[in-house]
Amino acid sequence: MTARILVVDDDRAHMTMLVAMLGSWGYEVDTADDGAMAVARVRERAYDVVLTDVRMAEVDGIEALRRIKSYNPYLPVLIMTAYSSVDVAVQALKAGALDYLHKPLDFDELRQGLTRALEQGMAHRSVLVSRGEADPVSEMIGDSPPMRELAAMIRAVAPSEASVLILGESGTGKELVAKALHEGSPRKARQLVTVNCAALAENLLESELFGHEKGAYTGAQRQRDGRFVQADGGTLFLDEIGEMAPALQAKLLRALQQGEVQRLGSDRSIRVDVRVLAATNRDLEAEVRAGGFREDLYYRLNVIALRVPALRERPEDIPLLAKHFLHRFAQRNSKTYRGFTPRVMDLMLHYDWPGNVRELENVVERAVILSPGEFVTENDLPANMREAEKPVNGPAVGLSLEDAEREAIARTLEQVGNNKSEAARVLGVTRVTLRSKMKKFGLDS
């Protein structure tokens, strides 16, 4: 079957030349003269490769690349640029480009790039069809620009053998990123082995990583393989790598450089084939400058750096995450929920989330356990979240007691979707009393 290529360029002369050249090579060619048109074309018709310029008047090539990858992450995209800028190249590769080509084009280089792109596209299709594999980022919830960019980087980096350093605050989901990288790699059939470097003392962590011989230290009653050996052929994820002691950093570096480990108490080396992923919430560059982290180990681990955004940087993902956690914990606790009241969601959207996604998960779990109604209400949230905006949302100063009571009832009914039983529970009155008050204040219509 003839491969179909979409050429995107606002330079008419250059586009005409490319169309003629690609046609002579046996490709079917469509064209678009700006990024927005290219995205529309990709949504209308299936292509095998997109070849796009960077500098265009309306939507540029990098933005078009992001939108195309968001729509179809498996469509190979080659970037053309007349500007031999490292920044442009890095930007393009981060956004998911397979490669970039300099103008004026070297036709041999172009042909090789297209061949490589078509081979990659065929590999993706055959893997998906023959194995029924899911997208490696399918468990990562979020549709915000930072999360779409992270997902595109994971898809691009996962199939490689490169070491990856995953950066981000505590609770952002760095372990989930490591899992996605493993699931998208050729190593997925073997183990993903995780070690928390902050959870063990230095001597215990060394034994955990490399193993030990019987009698190597007090309490070592039998020979034990370390995590490197357990991860042989698979992936080793070193969480909180910034907490590792300097002496152990040197031994880890040696293991990574030589592809060999030695059990404690042994003089025999064991060959291991392991891809290493590492994560930290520390600023490792600053640690290197301060002498707390080895510079050579830092560069060995930081072949590719992926930064996981904090939850406050992607507030549009909060409703999606909250709904996901609500469904999970409702099932686990055999409860039924219709959702969150508008007030609760407003508080969630305006809260700073210092504990990130992990804190949101804990808040929703707590609410599910405590709330007896169909909606999660403000009273089901922790006190620090409820008190954050109390002055703003309390009754206005100067209202009569009767008007304040009417406002409280009206606001509560709105928050719980006019569910009278839930409103009565939130207000701390009986259903009969609530109906009487609603009638009195004209809220029963």
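# Reading helices, strands and sheets in a predicted model

Modeller: Helix α13 (residues 318-332) packs against helix α15 (residues 356-370) with the two axes 9 Å apart and an angle of about 45° between them. That angle makes α13 oblique to α15. Keep in mind that this is a predicted model.

Colleague: In which hand does α13 pass α15?

Modeller: The crossing of α13 past α15 is right-handed.

Colleague: Which residues of α13 and α15 meet?

Modeller: From α13, the residues are I318, L321, A322, F325, L326, R328, F329, A330 and R332. They meet V357, L360, E361, V364, E365 and V368 in α15.

Colleague: How do I read another pair, say α8 and α10?

Modeller: Start with the axes again. Those of helix α8 (residues 202-210) and helix α10 (residues 246-258) come within 10 Å and cross at roughly 10°. Angles under 35 degrees count as roughly parallel. That makes α8 roughly parallel to α10. In this pair, E202, L205, E206, L209 and F210 of α8 meet A247, L248, K251, L252 and A255 of α10.

Colleague: What does the whole chain contain?

Modeller: The protein chain has 20 helices and 16 strands. It has 445 residues, of which 45% count as buried. Among contacts with a separation of 6 or more, 69% are between residues 24 or more positions apart.

Colleague: How do I read burial along a strand? Is β1 buried or exposed?

Modeller: Buried means under 20% relative accessible area. In strand β1 (residues 4-8), 5 of the 5 residues are buried, so the strand is largely enclosed by the rest of the structure. Look at the directions too: R4, L6 and V8 point one way from β1, while I5 and V7 point the other way, and all are buried.

Colleague: Which strands are joined to β1?

Modeller: Strand β2 (residues 28-32) runs parallel to β1 and is joined to it by 5 bridges. I5 has V29 of β2 opposite it. Between β1 and β2 the chain passes through helix α1 (residues 12-24), and this β-α-β crossover is right-handed. Strand β3 (residues 49-53) also runs parallel to β1, joined by 4 bridges. Here I5 stands opposite V49.

Colleague: How do I read a sheet? In what order do the strands of the open sheet with β7 and β14 stand?

Modeller: Read the strands across the sheet, from neighbour to neighbour. This open sheet has 5 strands in the order β7-β10-β13-β6-β14, with parallel pairing. The edges are β7 (192-196) and β14 (304-307); each has a single partner strand, so one side of each is left without a neighbour in the sheet. From one strand to the next, the twist averages 20°.

Colleague: How many bridges pair β10 with β13?

Modeller: Strand β10 (residues 235-239) pairs with strand β13 (residues 275-280) over 4 bridges, in the parallel sense. T235 has R275 of β13 as its bridge partner.

Colleague: Where is P145 found, and is it buried, partly exposed or exposed?

Modeller: P145 is found in helix α6. With 46% relative accessibility, P145 counts as partly exposed. Check what lies across from it as well: P145 and R314 are 169 residues apart along the chain, yet their C-alpha atoms are separated by 7.9 Å.

Colleague: What should I look for in the phi angles?

Modeller: Most residues other than glycine have a negative phi. S334 has a phi near 55°, a positive value in a residue other than glycine. N356 also has a positive phi, near 60°, and it too is a residue other than glycine.

Colleague: Where do S334 and N356 lie?

Modeller: S334 lies in the loop between α13 and β15 (339-340). N356 is found in helix α15.

Colleague: Is S334 buried or exposed? And N356?

Modeller: S334 has a relative accessible area of 69% and is exposed. N356 has a relative accessible area of 0% and is buried.

Conventions. Residues are numbered from 1 along each chain as its sequence is written. This is a predicted model: local features need pLDDT of at least 70, side-chain atom pairs count only at pLDDT 80 or more; totals for chains, interfaces and linings use all residues. Side-chain values use heavy atoms; hydrogens and water are left out. Buried means under 20% relative accessible area, exposed over 50%, partly exposed in between (1.4 Å probe, protein chains only). Helices (H or I, at least four residues) and strands (E, at least two) are DSSP runs, numbered from the N terminus. Two strands pair if DSSP finds at least two bridges between them. A crossover is right-handed if, with the strands pointing away from the viewer, the path from the first strand over the helix to the second runs clockwise. Axes are lines fitted to C-alpha atoms, for helices over the stretch in contact, and angles run from 0 to 180 degrees between N-to-C directions. Angles under 35 degrees count as roughly parallel, over 145 as roughly antiparallel, 65 to 115 as roughly perpendicular and the rest as oblique. A crossing is left-handed if the near helix is turned anticlockwise from the far one by less than a right angle, and right-handed if clockwise. Contact means heavy atoms within 4.5 Å.
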